[in-house]
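Me: I'm new to protein structures. Could you help me learn how to read one?

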Amino acid sequence: YLYPFFPYGFTATIQSAATLSYAFIGYDVIANAAEECENPSRDLPRAMIMALMTCAVLYVCVCLVLCGMQTFSSIDTSAPVSTTFELAGLNWVVSVVDVGSFAGMVTGLLAGIYGQSR
């Protein structure tokens with residue numbers, strides 16, 4: 001299932017990665033929380049790097065799972081994770097993914113409000 005891993009070429013993958021980097025909104029929250037740090041010059045770079053690496057690892061893991069469960073061309077673009085697990089007969093995972101998606105949206109909203117309040 002993982003062949004071809006770059007169906008639209010390496011350039012399209014790099015362009016997509018550049019677009020997805022804007023989806024990470026945690027930098028403003030980390031910067032706004034700097035007042036609570038004991039040593040901001042040490043803690044802020046660590047927090048940003050760890051947050052970015054965590055997001056990158058999670059993105060790659062989810063992509064590998066999806067491409068491992070079904071072919072690239074058959075992945076539903078409107079709800080890729082839920083649909084893939086539903087087709088595999090793992091309906092309980094679909095519920096977990098849906099609750100996690102909702103929690104992620106609420107967390108993003110609260111992080112945006114936290115960043116604006118400072």
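This is a predicted model: local features need pLDDT of at least 70, side-chain atom pairs count only at pLDDT 80 or more; totals for chains, interfaces and linings use all residues.

Me: What span should H3 have, and how far apart are its end C-alpha atoms?

Reply: Let's start with the general idea. An α-helix has 3.6 residues a turn, so residues three or four places apart point the same way. Now the case here: H3 has 30 residues, and at 1.5 Å a residue it should span 44 Å. The end C-alpha atoms of H3 are 43 Å apart, which agrees.

Me: Which residues are buried in H3?

Reply: "Buried" means under 20% relative accessible area. In H3, the buried residues are Asp-43, Leu-44, Leu-66 and Cys-67. Of the 118 residues in the protein chain, 16% count as buried.

Me: And the surface? Which residues make the nonpolar patch?

Reply: Phe-5, Phe-6, Phe-10, Ile-14, Leu-20, Tyr-59, Val-60 and Leu-64 form a nonpolar surface patch of about 790 Å². Helix H1 (9–21) and helix H3 (40–69) are the elements that each give two or more residues to this patch.

Me: Where is Phe-5 found? And why does Phe-5 count as partly exposed?

Reply: Phe-5 sits in the segment before H1. Partly exposed lies between the buried cut-off of under 20% and the exposed cut-off of over 50%. Phe-5 has a relative accessible area of 49%, so Phe-5 is partly exposed.

Note on methods
Residues are numbered from 1 along each chain as its sequence is written. Side-chain values use heavy atoms; hydrogens and water are left out. Patches are made of residues with over 30% relative accessible area and no salt bridge: like charges are joined within 9 Å, nonpolar side chains (Val, Leu, Ile, Met, Phe, Trp, Tyr) within 5 Å. Accessible areas come from the Shrake-Rupley method with a 1.4 Å probe; for residues, only the protein chains shown count as cover. A salt bridge is a side-chain nitrogen of Lys or Arg within 4 Å of a carboxyl oxygen of Asp or Glu. Helices (H or I, at least four residues) and strands (E, at least two) are DSSP runs, numbered from the N terminus. Buried means under 20% relative accessible area, exposed over 50%, partly exposed in between (1.4 Å probe, protein chains only). The expected span of a helix is 1.5 Å times one less than its number of residues.
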